Amino acid sequence: MSSFFLCLHVLLLCGLLQAQKLLLPGSCSFELDSCGYTSDPQSGSWSMNEEGHLISVDSALLKDQDQEQAVLVSPILDPQDWSCVRMVYQITGQGSLQVHLRPDSDNFDYLLWSSSAASDSWLISSVDLPNTTEPLQILLSGRPERGAGNSVAIFEIHIVPGYCIECNFEEHHLCGYSNSWNPNVNWYVGGSFTRENEADLNHTNNRGHYMYVDSVYAKNFQEVAKLMSPMTTVPMSGCLSFFYHRDQETGNIFCIFTRDQQGHYEDVWKPDVYSTAGWTHVSVDIKAPRPLEVVFEAAFNSARGGYVAIDDITFSPEFCHTDTEPSFDPSVADCDFDRGLCLYHQEREDSAVWKRVTVKPNAYRTGDHSTGTGSFLMANTRFLSSPGYVGRLHGPLLPGNHRYCVRFFYLLQGFRSVDNALVLYVYDDNNVAQEKVWSLSEASRNVWTRMEITYMKPMTTKLVFVSICRNFWECGMVAIDDITVSLGNCQVTTGPLPTECDFEDGVCGFIQDKSEDKAVWLRVRGHTPTSYTGPKGDHTTGVTSCTSRHPSCVLVIRHSSCRLTCGGHRLLSV
């Protein structure tokens with residue numbers, strides 16, 4: 001063996017050993033054993049491949065075990081600092097794979113990530129584990145559908161310190177970064193052994209790797225290459241740093257932007273110079289209140305457009321620049337009205353329409369939305385001496401250029417016409433209405449109903465709830481409760497939440513325990529089929545509900561599963 005190849009072998013071995021040292025407990029290649037991962041006895045079983053380096057669950061095995069899923073449980077972990085779980089997996093045929101977090105002191109398993117996309121090759125997922133002071137476990141739930149050829153497999157799990165968007169491109173999986181394929185120009189892995197004529201040395205040392213894109217194969221005007229980070233899974237904000245090397249002979253464009261799950265993007269950075277003599281360090285502030293990815297984009301005008309290289313992407317929770325506006329906490333606009341009006345106020349205090357009330361619920365009256373015994377806001381002509389009213393409830397000011405998700409609950413009784421019974425406006429800081437974002441239409445009555453509205457304005461805004469009654473004989477009572485405001489789109493999940501189901505589009509994988517139950521759970525709309533049982537409508541929209549024939553149900557929470565128990569009739573989560 002020549003001295004050149006011997007040195008290469010030694011360098012690669014040293015790099016591998018260095019990478020292995022960074023792996024945290026809970027990492028596993030499934031080469032010789034399962035590294036302490038075990039199958040939950042209340043579900044199906046994962047099985048090691050006889051040839052090693054693979055653990056999987058097959059629909060045929062689940063059929064033999066009469067199970068719907070197989071749950072793989074990690075040993076107890078104590079990560080302390082922020083870490084990243086990178087998993088190489090494959091879903092063959094029809095099925096799904098979910099990653100849950102089980103805190104040691106919590107009764108809920110929190111969904112971190114899920115996928116049902118089938119693939120002919122191995123894929124990589126990246127999931128952030130935020131700082132924690134308590135031990136936890138990771139649960140991997142594989143659910144192949146019934147039928148031949150359906151399976152879910154895991155090749156390896158790597159848990160590394162730091163954030164999932166960080167990468168030095170020394171690992172074979174490139175930290176989950178992916179190239180958006182273009183027939184002519186793409187991002188490739190570069191290094192001193194493969195790239196002698198351009199950015200021939202990586203930023204850290206003479207033998208490392210980096211990512212680069214070259215214009216040599218560009219054929220059309222504005223050929224674009226995109227390198228995308230893993231999608232963030234938890235809210236985060238801070239300083240993104242990296243090194244770049246750029247050469248421009250006749251023209252290229254290099255920029256960075258963020259893109260969320262719905263395709264909305266925001267420019268983050270563009271360079272001030274066309275070319276650099278060496279590696280140049282850049283630090284930019286980013287805010288990710290919702291899931292998004294960082295995109296490095298290079299565009300070329302011709303085959304002589306030069307190249308762009310990047311290396312050593314890092315992230316810090318502290319902003320790079322002191323003048324960066326801190327992340328705004330929209331929860332200032334939250335209110336459950338149990339202890340007052342929070343930061344909300346009425347337009348005219350001397351003739352206030354909205355009253356904070358507490359109602360003891362019974363068969364004829366509904367209490368507040370959350371506890372039934374708390375307080376909520378009500379507008380009703382019986383509170384006033386005048387035959388009609390216009391009541392405006394103003395919220396706190398919210399900064400512009402943010403996308404807000406507004407959620408609240410309302411209840412309506414007695415209105416003959418609901419046109420102006422309840423309307424939500426967005427006002428600016430000069431008390432000028434900018435948009436009517438929602439108005440009440442014919443809907444379920446006498447039940448608390450949830451609404452979700454997403455809006456975005458360039459100026460400072462506030463929420464204004466308006467109720468108008470023109471005639472005593474036309475009006476009844478309207479109430480609102482539990483207002484919450486968060487950043488992002490209401491249709492996009494912003495972080496890990498407990499496993500949940502609203503039963504609007506099905507039962508979300510919940511199954512009935514048919515081995516012991518004699519009763520049947522039914523998914524119904526409106527009232528329950530039998531008199532004097534169940535609610536008038538479902539909890540959120542007041543229209544659809546999922547209930548059993550048994551009149552009294554108790555929620556029992558277990559580590560292994562969440563069970564709704566009704567006199568022994570069980571509905572099991574998956």
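Because the model is predicted, local features require a pLDDT of at least 70 and side-chain atom pairs count only at pLDDT 80 or more, whereas totals for chains, interfaces and linings use all residues. Residues are numbered from 1 along each chain as its sequence is written, and side-chain values rest on heavy atoms, with hydrogens and water left out.

The description begins with the nonpolar cores, a core being a set of buried Ala, Val, Leu, Ile, Met, Phe, Trp, Tyr and Cys residues joined through side-chain atoms within 4.5 Å. Burial is assigned from relative accessible area, with buried meaning under 20%, exposed over 50% and partly exposed in between (1.4 Å probe, protein chains only). The largest nonpolar core holds 36 residues, of which Phe169, Tyr177, Trp187, Phe296 and Ile310 touch the most other members. Two or more residues are given to this core by each of the elements β13 (209-214), β14 (223-228), β15 (236-247), β16 (252-260), β18 (280-288), β19 (292-300) and β20 (307-316), where strands (E, at least two residues) and helices (H or I, at least four) are DSSP runs numbered from the N terminus. Strand β19 supplies the largest share of this core, namely five residues. For isoleucine 310, when residues up to four places away in sequence are not counted, the residues touched are Phe169, Trp187, Tyr210, Met211, Leu227, Phe243, Tyr244, Phe254, Trp279 and Phe296, contact being defined as heavy atoms within 4.5 Å. Another core, of 35 residues, lies apart from the largest one and has Cys335, Val406, Leu412 and Val485 among its members.

Strand pairing was assigned where DSSP finds at least two bridges between two strands. On this basis, five strands form an open antiparallel sheet in the order β21-β24-β29-β26-β27.

The structure holds seven salt bridges, a salt bridge being a side-chain nitrogen of Lys or Arg within 4 Å of a carboxyl oxygen of Asp or Glu. In one of them, aspartate 109 meets arginine 102 with an N to O distance of 2.8 Å; aspartate 109 is buried at a relative accessible area of 15%, and arginine 102 is likewise buried, at 8%. Glutamate 297 and lysine 226 form a salt bridge whose closest N and O atoms are 3.5 Å apart, and this pair links distant parts of the chain, with glutamate 297 in strand β19 and lysine 226 in strand β14, 71 residues apart. Here glutamate 297 is buried at 18%, while lysine 226 is partly exposed at 22%. A salt bridge is also found between lysine 457 and glutamate 435, with closest N and O atoms 2.8 Å apart; since lysine 457 lies in strand β28 (residues 449-457) and glutamate 435 in strand β27, the pair ties together parts that are 22 residues apart in sequence. Lysine 457 is buried at 17% relative accessible area, whereas glutamate 435 is partly exposed at 35%. Salt bridges also link Arg407, Arg450 and Glu452 in a network.

A search of the whole structure finds six disulfides, a disulfide being a pair of cysteine sulfur atoms within 2.5 Å. The sulfur atoms of cysteine 84 and cysteine 164 are 2.1 Å apart, and the torsion about their S-S bond is about 105°, so this disulfide is right-handed. Cysteine 84 lies in strand β5 (residues 83-92) and cysteine 164 in the loop between β10 (151-161) and β11 (178-180), so the pair ties together parts that are 80 residues apart in sequence. Both ends are buried, cysteine 84 at 0% relative accessibility and cysteine 164 at 2%. Cysteine 167 is joined to cysteine 175 (S to S 2.1 Å) in a right-handed link with 75° about the S-S bond, and both of these cysteines are buried. The disulfide of cysteine 405 and cysteine 490 has an S to S distance of 2.0 Å and, with a torsion of about 110°, is right-handed.
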